[in-house]
Amino acid sequence: MHQDFSGQNLRGHSFKGQHLAGANFSYADIQGADFTGANLRDAKFIGAKAGLQNQWGSILLVASQLVTEILNFFSEYTSYLASFNFYNSNSENFFAASICLILLSVFWLITIQKGIILGLGSFAFAAIIAFASAKVLAKTKAGARTVIGGLAFAFAFATVGALVFNLARAGIFGFIILLFGSYIGWRVFKADEKDALIDLFSISFTAKGGTSFRDADLTDADFTKATLKSTDLRNAILTRTCFWQAEMLYCVYSEESYLQNTEICRLLVTGQGQDKNFDRQNLQGVNLKGANLIDASFIGADLDKANLQDADLSRAKLVQTQLDGTDFTGATLTGAFIEDWGITSDTKFDLVQCEYVYMPERKPDNRQEVFADGEFADFIKPIFDTFDLYHNQGVDPCAIAISFKQLAENHPNAELEIVAMEKRGQDKFLLRAKITNSADKSELSAEYFTIYNQLKALAKQEVQALMAKKDSRVFDLHKMIVTALQHPSFYSKIEQIGSMNNK
């Protein structure tokens, strides 16, 4: 029987390394709780409240107030220097004050355009030059003193910008400081890529003392409507983890997972991905159950082991998408583009709603026909057991024939047998083969293209010399590849070549 902690006050409680599969933490207060390394597969955290305990929040408040006082000192000191030098009739002082304002302007402009890190870097570089100029040209300590003050002032601005929204306690140093700091803070708050380093620092800092799921197994765990501010999810297993309507998901501390992408976080929370572009994104294991993905693009994306149950993928682009173990149960795929997608025998298509697809041609071929209920799964099933080698540029028939023969010889247990080939587009070619279920397609594909690219790098005469050493099956395959490339409409089911394992 699964353990039930629902509705309990579990602040600061340690569950480190415990076996809690299927446990119920719904609506529990888990602020500051430690789930490091715990097994939380299928656990429920519906409406749970994670984050910082009150005492840790107080420490952050004191720390931010201390920073406020330090920055206020620099602000007043620099303001005094600038006003003193401007109103002093001494030309050297005026020169130094002008340099100070120029440096601050450089910092402001670059920070707004490129981010606060580059802003500080550019300011520091300009400050070094200005400092030297003040010493050499003005020959006065006022110039150097003012530049140093300006640097401190700019640093104060930068730090305020980083803290004003993430620590939410920074003070007000004047109208200009408020506007500039608020703008930078708002940008960090919105996860602007220009200030990604500050955002990472702020999140990692505030996650200290918060709820920790570090190294925990959260496969199929449910965080629906949970509050996740200041939560540590580093190295956690997030396969099919549900974050539907979770609050503050963008404030979790997570390394090398799909949660580092703000757009993906928004999709997981809202389920709204219509017309969005997720091309080549690592979405392995995401939970998009019931999501609106109409017209979304997943070209080259990794959706292995993702939960797409009941999702609407009408007209979605699933070209070269990795879908090993992906669950499409009850999903809608009408009008989807599924060219060269990486489905396997572990990809689930139960109860899929699909009237037609493009592969790239429309299927069924007759535009007056549509797939009947459950027919799409039967239609797509034969593709499960094939091994597709897709060549997208500089197709070399000799290299293909030799590479495939070499791969078959290296892996006789894979029982590779060519079944089809097809020219696609201007310079693309697909070679399809049967393969045993136990073979590692990813590993074999990588090995094949390593051999293929090495052969392509050789001189034409060297490749032809290698061809001459091969048997008649390689020559037959070479001829059929050439024929396929010369006839755009050519699609051949290879029967006469058969298995390449026999020499």
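Which residues lie nearest the centre of the largest pocket? The close-ups below start there, and everything shown comes from a predicted model.

**View 1. The largest pocket and what lines it.** Gln-322, Gly-342, Asp-388, Lys-441 and Ser-442 are the residues that lie nearest the pocket's centre, out of a lining of 32 residues. The space inside comes to about 860 Å³. Strand S4 (342-343), strand S7 (386-391) and helix H10 (441-456) are the elements that give two or more residues to this lining. Sort the lining by class and you get twelve nonpolar, twelve polar and eight charged residues.

**View 2. Strand S8 and its partner S9.** Here S8 (residues 417-424) runs alongside S9 (residues 428-434), and the two pair in the antiparallel sense over seven bridges. Is S8 enclosed or open? Seven of its eight residues are buried, so the strand is largely enclosed by the rest of the structure.

**View 3. Asp-217 meets Arg-41.** Side chains of opposite charge can pair when their charged atoms come close. A search of the whole structure turns up ten salt bridges, and this is one of them, with the closest N and O atoms of Asp-217 and Arg-41 sitting 3.2 Å apart. Asp-217 belongs to the loop between strand S1 (211-212) and strand S2 (231-232), while Arg-41 is in the segment before helix H1 (54-87), so the pair ties together parts that are 176 residues apart in sequence. Asp-217 counts as buried because its relative accessible area, 14%, is under the 20% cut-off. Arg-41, with a relative accessible area of 34%, is partly exposed.

**View 4. A salt bridge inside one loop: Arg-315 and Asp-295.** The side chains of these two residues meet at 2.9 Å, N to O. Both Arg-315 and Asp-295 lie in the loop between helix H7 (262-270) and strand S3 (322-323), so the bridge ties together parts that are 20 residues apart in sequence. Arg-315 is partly exposed, with a relative accessible area of 41%. Asp-295 also counts as partly exposed, at 23%.

**View 5. Lys-405 and Glu-409 on helix H9.** What separates these two along the helix? They are four residues apart in H9 (residues 397-410), which means about one helical turn lies between Lys-405 and Glu-409. The closest N and O atoms of their salt bridge are 3.7 Å apart. Lys-405 is buried, with a relative accessible area of 1%, whereas Glu-409 is partly exposed at 28%. Elsewhere, salt bridges that share partners join Glu-263, Arg-266 and Lys-276 into one network.

**View 6. The largest nonpolar core.** In soluble globular proteins, nonpolar side chains tend to be buried together. The largest such core here has 69 residues, and Phe-35, Leu-40 and Phe-376 are the ones with the most contacts inside it. H7 and helix H8 (375-380) each supply at least two residues of this core. Which element gives the largest share? That would be H7, with five residues.

Technical notes. Residues are numbered from 1 along each chain as its sequence is written. This is a predicted model: local features need pLDDT of at least 70, side-chain atom pairs count only at pLDDT 80 or more; totals for chains, interfaces and linings use all residues. Side-chain values use heavy atoms; hydrogens and water are left out. Buried means under 20% relative accessible area, exposed over 50%, partly exposed in between (1.4 Å probe, protein chains only). Two strands pair if DSSP finds at least two bridges between them. A salt bridge is a side-chain nitrogen of Lys or Arg within 4 Å of a carboxyl oxygen of Asp or Glu. On a 1 Å grid over the protein atoms alone, a cavity is a set of points where a 1.4 Å probe fits but cannot get out, and a pocket is an open set with protein on both sides within 12 Å along at least five of seven lines; lining residues have an atom within 4 Å of a point. Grid points are joined across faces, edges and corners, and a volume is the space filled by probe spheres set on the points. Ala, Val, Leu, Ile, Met, Phe, Trp, Tyr, Cys and Pro count as nonpolar, Asp, Glu, Lys and Arg as charged, and the others, Gly among them, as polar. A nonpolar core is a set of buried Ala, Val, Leu, Ile, Met, Phe, Trp, Tyr and Cys residues joined through side-chain atoms within 4.5 Å.
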